[in-house]
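Q: Please take a close look at one part of this model, the part that a database record annotates, and then place it in its surroundings.

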Amino acid sequence: MAEQSLRCVAFAYRNLDPKDIPSEEQRINWELPDNDLTLIGIVGMKDPCRPGVRDAVELCTNSGVKVRMVTGDNLQTARAIALECGILTDPQASAPVIIEGKVFRAYNDAEREAVADKISVMGRSSPNDKLLLVKALKKNGHVVAVTGDGTNDAPALHEADIGLSMGIQGTEVAKESSDIIILDDNFASVVKVVRWGRSVYANIQKFIQFQLTVNVAALIINVVAAISSGNVPLNAVQLLWVNLIMDTLGALALATEPPTDQLMKRTPVGRREPLVTNIMWRNLFIQAVYQVAVLLTLNFRGRDLLHLTQDTLEHSSKVKNSFIFNTFVLCQVFNEFNARKPEELNIFEGVSRNHLFLAVVSVTVVLQVIIIEFLGKFTSTVRLSWQLWLVSLAIAFISWPLALVGKFIPVPQTPLKNLILKCWPKKKKQGDEGAAPPV
């Protein structure tokens, strides 16, 4: 019955002389005799897995999250339940993949850390065994999440990086010691926690990539133009509008991306991995270099390229600066689509379902048209002809195929900071081999 994931309860009796049974007042310290019992029978009780648990475990495993089971059941029952849930795939698994709590408890700290990564199922365990496993996994550098519902689980829930308690059957002590409460007591909800956690992290990265691109491009354009000619193509009001796109509307558009199934196919992010990845640096560099190159070219050669030489110098400068400002803003609008999918080739996947993103982009474009065509006195701009509008759109549109081609450029797995530190020569200390002896 245990091998069929049934929890077994034995019923037995023993005849006692009434003289040997103490009174109610004396039964406080009386222990029931556990010898010379007559077995009546054994009952097997099954607590079936919730629907969807096996799929949730499989999804966690595919996304790089290792699921472990720590239970008080004996090894046979624990093995059967783990096989049913998908936590164990090999029916013949043995120690240390499946282990008893007393064996794990008997190890010293170094031995526990050595076997902790291999453990998938721990049977006949005490609450302290769960705590020891959490500590061993954390010392090995893992990010540990623990689920529990009882008061005895509170130390492990508190020690874990993320504690998830059950909202229905969980005790108040367990809830207070946890970070997240699962309201439906369903393990499948853990997958939702992972999905949304990864979604928030990915959205922050998208916004940072978009924000850094805008900042780097605007800073280089204005600094280079100011040093070379003394005039800046983007004035304070225009930069304020660009800042509004970047901080407010850009964050609203990119930070509200709903979670996708693609997020669950990624490997977990390490505890010390940088927030700005090499892929983000690559995308940022490509877009910033393109924007800076085009807009600086327009700043220095704009009158000739836009055929404004027949106009007065003052008016042609205003048209040129208005065109640069308009092109820069449209580049950011097109780059918002690139920022949605930093790693994927199809940047338009799922965009039709994100109504807020489309609304923000539409509002940005409409406000940009109003600023250029009707608020020239406020922003120091002039109206642009439809031909110049088309040229601005064409320049901004090029950022899409440029981003597509850039994603085929491989990037190293080592973080950029570590690559820079490797290239930086280390200063030898006095006494090192090859160092000059003291005088």
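A: The unreviewed UniProt entry gives the annotation "transmembrane region" to residues 356-376 and 388-409; UniProt positions follow the numbering used here, feature names are shortened, and annotations may be inferred rather than shown by experiment. The model is predicted, so local features need pLDDT of at least 70 and side-chain atom pairs count only at pLDDT 80 or more, while totals for chains, interfaces and linings use all residues. Residues are numbered from 1 along each chain as its sequence is written, and side-chain values use heavy atoms, with hydrogens and water left out.

In residues 356-376 the end C-alpha atoms lie 29 Å apart, and the span is 95% helix and 0% strand, whereas residues 388-409 have end C-alpha atoms 33 Å apart, with 82% helix and 0% strand; helices (H or I, at least four residues) and strands (E, at least two) are DSSP runs numbered from the N terminus.

F357 touches A253, L254, E257, E336, F337, R340 and V351, residues up to four places away in sequence not being counted, where contact means heavy atoms within 4.5 Å.

F357 is also among the residues with the most contacts inside the largest nonpolar core, which has 46 residues. Helices α8, α9 (236-254), α10 (278-305), α11 (313-340), α12 (355-374) and α14 (386-397) each supply at least two residues of this core, and its largest share, 12 residues, comes from α11. A nonpolar core is a set of buried Ala, Val, Leu, Ile, Met, Phe, Trp, Tyr and Cys residues joined through side-chain atoms within 4.5 Å, buried meaning under 20% relative accessible area with a 1.4 Å probe and protein chains only.

How values were computed. Buried means under 20% relative accessible area, exposed over 50%, partly exposed in between (1.4 Å probe, protein chains only).
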